[in-house]
Amino acid sequence: MNITEKILARASGKDKLEPDEVIFANVDKIMLHDVSGPGVIKTFEKLEKDGVIKVDKLFDPSMIWVTEDHFVPSVDKISAENIVKLSNFTNKFGIKKHFKYGMGQYGICHTMSHEEGLVSPGELYVGGDSHTNTTGALGAFACGLGHTDVAYAMLYGKLWFKVPETLYFKIHGKLPENVMAKDLILRIIGDITTEGAAGKAMQFGGDGISDMSVESRLTLTNMTTEAGAKNGIIEPDQKVFDYISERGVTKYDAVYDDEDAQYEKTFEYEASELEPVVAKPFSPQNVSVVRETGSIDIDKSYIGSCTGAKYEDLLAAAKILKGRKVKVRTEVLPATISIYKKATENGLTQIFIDAGAVVGPPTCGACCGAQMGVLAKDEVCVSTTNRNFPGRMGHLESKAYLASPLVAAASAVTGKLTDPRDL
Amino acid sequence: MKGKVIKYEQDNIDTDVILPGPYLKLHEHSELAEHAMEGMDPDFHSKAKNANIIVTGKNFGCGSSREHAPIALSASGIKAVLALSFARIFYRNSVDGAYLLPIEIDEKTYSSISENDELEIDTSKNEIKNITKNELYSMKPFPELIGKIISAGGIFKYKP
């Protein structure tokens, strides 16, 4: 069995599993945020009202954590009330891990999952957000769900899964200077399309992955969602164990591929041949080499989100922005407070402000077009985020080019879509 | 079930256009209905007055996991979506939340059905009857567990 099958087999008490088998598996960790959380609350209320079940206690509150990220800072009365509801809910059910806006560490749920060491290798983790796939880079089965399924897992500690086929992406060699993991995953999505991994696992391996930092690997698994994948996963190694041990996690049960592990298909990529790319509007599969994309004037550069505002992403942007000035509106939103703090301690915040950018609080807001910097009609943005569907980041007739933090920062400096090698 | 068709002849209709991001703060089903398909079809509500089946292409409901998307469609009166394929979370949400029937159809059925056709769907026989055109199509049967969850009325009513 491969790592995905082995985690699902362990969690469902089976010795052996095959792709397409349907199982009920025990869940180890559950995440909800200020969008899926109120959905869970509403689901429980409706179940009680309909006489289906009265929810007095949860399966195990210690396996659950809650973030506030989509609508913080609160945008209006409704979103403010959602945050209050969430606090009442976590108090009532004894959920201790509630990371609140403005009270120390908080941030985007997926980044919190690894920054805070909330998920360990070998675990089965589900979250009420599609980019839950991100955390699979730590060697966990991590899968995004809607709020009904999250509510079910919170109540019963288990959930049904169809065992996915696995697509294996073997990466050889090192990424060249100025090329990032974002370029690699965009290239892959461009090749296999947004339904190329529909319902499947996307596993990454090879010496190119061993060479990569944990944060870079998280960028890969994060965007497996855009290829339709059920989960993205990477076998854990010493880099992962060091990363989580720095965050206080020392006990875990790591899982690896068996020697005879099967994959539905293997794709091979030579990292050294990659170039900076973008996904043009209006799909993440619309991938184009930056140098071949033509002259694109932009109105904004956005460096934020679970995909593109980890410490390493900010470091890459700062490398470009140091000593330069931005020509267009540039927003930098570290994904968590811990990353914000580290960026400040190491002088990155100062570099961004000196360049003329604004540095804002962690939030999903602008990435999903909800708040905190949405795009006007006809505005064009180069963004380190993960989706560029019509209206995703604002007006239906705005446009987002998805790119690495290096491309976003280089474009901020020139006011045009720019390959960092051409600055 | 029986009803008329709204046809969207395109692939990859994502949850951002089905229910745009700014409305994720809403959780009342009737309020979500007001914004259904706001990102792609301003005439959706007038169409949904007379129709309750959406027919569309591949990868319907891709993108975000927002359960708001099937809720908004369901609360607008949509009972079934017939698509060449579905994105996994949308499919799962539709079934586990018992909002609407996600039915997979083949290319031939997809091209045969037109806007405003009246269909009768019989999931017990895996048959779709086109009353307007007097044609009969087959639907892809629901996998065993999915069929049981649908019959139970959602994951919380299903007893494993």
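A crossing of two helices is right-handed if the near helix is turned clockwise from the far one by less than a right angle.

**Entry 1: the model.** I am working with a predicted model. I looked up the elements of chain A first. I found 14 helices and 18 strands.

**Entry 2: size.** I checked the box around the C-alpha atoms of chain A. Along the principal axes, the box is roughly 60 × 55 × 40 Å. Next I looked up the radius of gyration, which is 21 Å for chain A. A compact globule of 423 residues would have a value near 22 Å, so the two agree.

**Entry 3: burial and contacts.** How many of the 423 residues of chain A count as buried? I noted 59%. Then I took the contacts in chain A between residues at least 6 apart in sequence. Of these, 76% join residues at least 24 apart.

**Entry 4: a helix pair.** I picked H6(A), residues 181–192, and H8(A), residues 214–222. Their axes lie 8 Å apart, and the packing angle is about 25°. Angles under 35 degrees count as roughly parallel, and H6(A) and H8(A) are therefore roughly parallel to each other. Is their crossing left-handed or right-handed? I wrote down right-handed for H6(A) and H8(A).

**Entry 5: who meets whom.** From H6(A), I listed Ala181(A), Lys182(A), Leu184(A) and Ile185(A). They meet Ser216(A), Thr219(A) and Leu220(A) in H8(A). I sorted this contact by class: four residues are nonpolar, two are polar and one is charged.

Key: Residues numbered from 1 in each chain as written. Chains lettered and ligands numbered in written order. Predicted model: local features only at pLDDT ≥ 70, side-chain atom pairs only at ≥ 80, totals over all residues. Helix = DSSP H or I, 4+ residues; strand = E, 2+ residues; numbered from the N terminus. Rg over C-alpha atoms; globule rule 2.2 N^0.38 Å. Buried ≥ 20, exposed ≤ 12 C-beta atoms within 10 Å, placed from the backbone. Contact = placed C-beta atoms within 7 Å. Axes fitted to C-alpha atoms, helices over the stretch in contact; angles between N-to-C directions. Parallel < 35°, antiparallel > 145°, perpendicular 65-115°, else oblique. Nonpolar A, V, L, I, M, F, W, Y, C, P; charged D, E, K, R; others polar.
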